[in-house]
Structure formats: structure tokens, C-alpha cells
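Subject: Structure handover

Dear colleague,

Please find below the structure I promised to pass on to you, together with its sequence.

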Amino acid sequence: TYQLRKQDVDRVTGQPVCRLVNVLSARADARLAQVLLRASKGGGGGTSSGERVDVLKFADFLNRCLALDPARRLSVRDALRHDFFVKKKKKEESREES
């Protein structure tokens, strides 16, 4: 868990107030994947298994890029080698060869 400082305005007094907010990275990872999966379904149609895999890879990519811990965060080189982009590159290369 991480503690972030959040500055808010007290609703009663109108004065600025600082609060510590606990961030659980594992929960945030799962929540992002769920939100992206729901959004990919669009107007009620389901997602195919291939689309689901792509969405989950994209969620993993975003979580790793936005990791609060710099040791866990992706470098630029590792980001470009992530499965989400590798698959896209292979598809584009096969289309160009056709």
C-alpha cells in the first residue's frame, strides 16, 4: 500500500484540509481491467475472447506504466516490448506481406 497526500476543501469551514489516502495497487489493477472490459462491450454486445485478451494486455500495460513504485514501473524499452504492442506489430507485418 502507498499513502498519498490529498488536499481538499472542508465543506463546512471552507478551509483547506490535507488527508492521507491509502492506495492499494492490487485493487487498482483489477479495477482498471474491469472498467476497460465494461467499456469494450460498448452498447451491450459482448467481447470476443481475442478482444478480451487485448483489453487485459492493455490494462496490464497501463498498470505497469503508471506504477507508483519506480522500481516496478516499465522503462521505455520494456514498454515497447510489452505483449500489447508485440502482437500489434506482428499483425501489421503480416498484413504488409499479403
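Leaving aside the neighbours within four places in sequence, Ala59 is in contact with Leu32, Ala33 and Leu36, where contact means heavy atoms within 4.5 Å. Please bear in mind that this is a predicted model, in which local features need pLDDT of at least 70 and side-chain atom pairs count only at pLDDT 80 or more, whereas totals for chains, interfaces and linings use all residues. Residues are numbered from 1 along each chain as its sequence is written, and side-chain values use heavy atoms, with hydrogens and water left out.

Ala59 also belongs to the largest nonpolar core, which has 5 residues, the others being Ala33, Leu36, Leu37 and Val55. A nonpolar core is a set of buried Ala, Val, Leu, Ile, Met, Phe, Trp, Tyr and Cys residues joined through side-chain atoms within 4.5 Å, and buried means under 20% relative accessible area, with exposed over 50% and partly exposed in between (1.4 Å probe, protein chains only). Helices α1 (25-41) and α2 (49-65) each supply at least two residues of this core, and α1 gives the most, with 3 residues. In soluble globular proteins, nonpolar side chains tend to be buried together.

As for the overall layout, the protein has 4 helices and 2 strands, and read along the sequence these follow the pattern β-β-α-α-α-α. Helices (H or I, at least four residues) and strands (E, at least two) are DSSP runs, numbered from the N terminus. Of the 98 residues in the protein, buried ones make up 13%.

A search of the whole structure finds 3 aromatic pairs, for which the rings of Phe, Tyr and Trp (its six-membered ring) must have their centres within 6.5 Å, while planes under 30 degrees apart count as stacked, over 60 as edge-to-face and the rest as tilted. The rings of Phe58 and Phe84 have centres 5.1 Å apart and planes at 45°, so this pair is tilted. It links distant parts of the chain, since Phe58 lies in helix α2 and Phe84 in helix α4 (residues 83-97), 26 residues apart. Phe84 is buried, because its relative accessible area is 16%, whereas Phe58, at 29% relative accessibility, counts as partly exposed. The rings of Phe84 and Phe85 have their centres 5.3 Å apart and their planes at 75°, so that pair is edge-to-face. Phe85 is partly exposed, with a relative accessible area of 27%, and ring pairs link Phe58, Phe61, Phe84 and Phe85 into a cluster.

Turning to the strands, Arg5 has its place in strand β1 (residues 2-9) and is exposed, with a relative accessible area of 69%. Not counting residues up to four places away in sequence, Arg5 touches Cys18, Arg19 and Leu20. At 33% relative accessibility, Val21 counts as partly exposed.

With kind regards
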